[in-house]
Amino acid sequence: QLQLVESGGGFVQPGGSLRLSCAVSGFTLDYAAVGWFRQVPGKEREGVSCISSSGSSTNYADSVKGRFTISRDYAKNTVYLQMNSLKPEDTAVYYCAADLGPDYRSDRFSLALNEYDYWGQGTQVTVSS
């Protein structure tokens, strides 16, 4: 069964840091680009960051560039999102998603929601003083 499970969310003060984890089971990350997305009530889900199955290509939304870093651990089949210098506007439910493809460790990646086939349940991040 294909499954993604996010963890690491929580409450943090502005300027603080959190590291989100996305643990994948039922498939290997060698064939999956993974993206992080976020959503606040009343707004559309937006792309935050993504990483190719090769791990060599990444992309970030302008709002998080220089503050967030995406990475992956093949041995643990896990993708991380390190979030630094957090701002109140980063408050949202964060989701990871996987885009499975046929190619082993390709450089394909996208922040488009409709490219992603499998989604986690989300983890809440709250940034407030």
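**Strand pairing, core and salt bridges in the predicted model**

In the hairpin formed by S4 and S5, six residues lie between the strands, and Gly42 among the hairpin residues adopts a positive phi near 85°. Strands here are DSSP runs of E with at least two residues, whereas helices are runs of H or I with at least four residues, and numbering starts at the N terminus. The structure is a predicted model, in which local features require pLDDT of at least 70 and side-chain atom pairs count only at pLDDT 80 or more, while totals for chains, interfaces and linings use all residues. Residues are numbered from 1 along each chain as its sequence is written, and side-chain values use heavy atoms, with hydrogens and water left out.

Strand S4 spans residues 32-39, and seven of its eight residues are buried; the term denotes a relative accessible area under 20%, with exposed meaning over 50% and partly exposed in between (1.4 Å probe, protein chains only). Two strands are taken to pair if DSSP finds at least two bridges between them. S4 pairs with strand S9 (residues 92-100) in the antiparallel sense over eight bridges, and Phe37 stands opposite Tyr95 in S9. The pairing of S4 with S5 is likewise antiparallel and comprises five bridges; here Val34 has Ile51 of S5 as its bridge partner.

The largest nonpolar core contains 28 residues, and those with the most contacts inside it are Trp36, Phe68, Val79, Leu81, Met83 and Tyr94. At least two residues of this core are supplied by each of strand S3 (18-25), S4, S5, strand S7 (68-73), strand S8 (78-83), S9 and strand S11 (123-127). A nonpolar core is defined as a set of buried Ala, Val, Leu, Ile, Met, Phe, Trp, Tyr and Cys residues joined through side-chain atoms within 4.5 Å. Arg38 and Glu46 meet through their side chains at 2.6 Å, N to O. Arg38 is buried, with a relative accessible area of 6%, whereas Glu46 is partly exposed at 36%. Both residues belong to a network of salt bridges that also links Arg67 and Asp90. A further salt bridge joins Asp99 to Arg108 at 2.6 Å, N to O; Asp99 is buried at 5% relative accessible area, and Arg108 is partly exposed at 37%. In the salt bridge of Lys65 with Asp62, the closest N and O atoms are 3.2 Å apart. Lys65 is partly exposed, with a relative accessible area of 48%, and Asp62 is exposed, with 64%.

Ser53 lies in the loop between strand S5 (46-51) and strand S6 (58-60). Its relative accessibility is 2%, so Ser53 counts as buried. The side chain of Ser53 reaches the backbone nitrogen of Ser106 at 2.7 Å, a polar contact being a pair of N or O atoms within 3.5 Å, of which, within protein, one must be able to donate a hydrogen and the other to accept it, and residues adjacent in sequence count only if both atoms are side-chain atoms. Not counting residues up to four places away in sequence, Ser53 touches Leu29, Asp30, Tyr31, Ala32, Ala33, Arg72, Tyr74, Asp103, Arg105, Ser106 and Arg108.

How values were computed:
Contact = heavy atoms within 4.5 Å. Salt bridge = Lys/Arg side-chain N within 4 Å of Asp/Glu carboxyl O.
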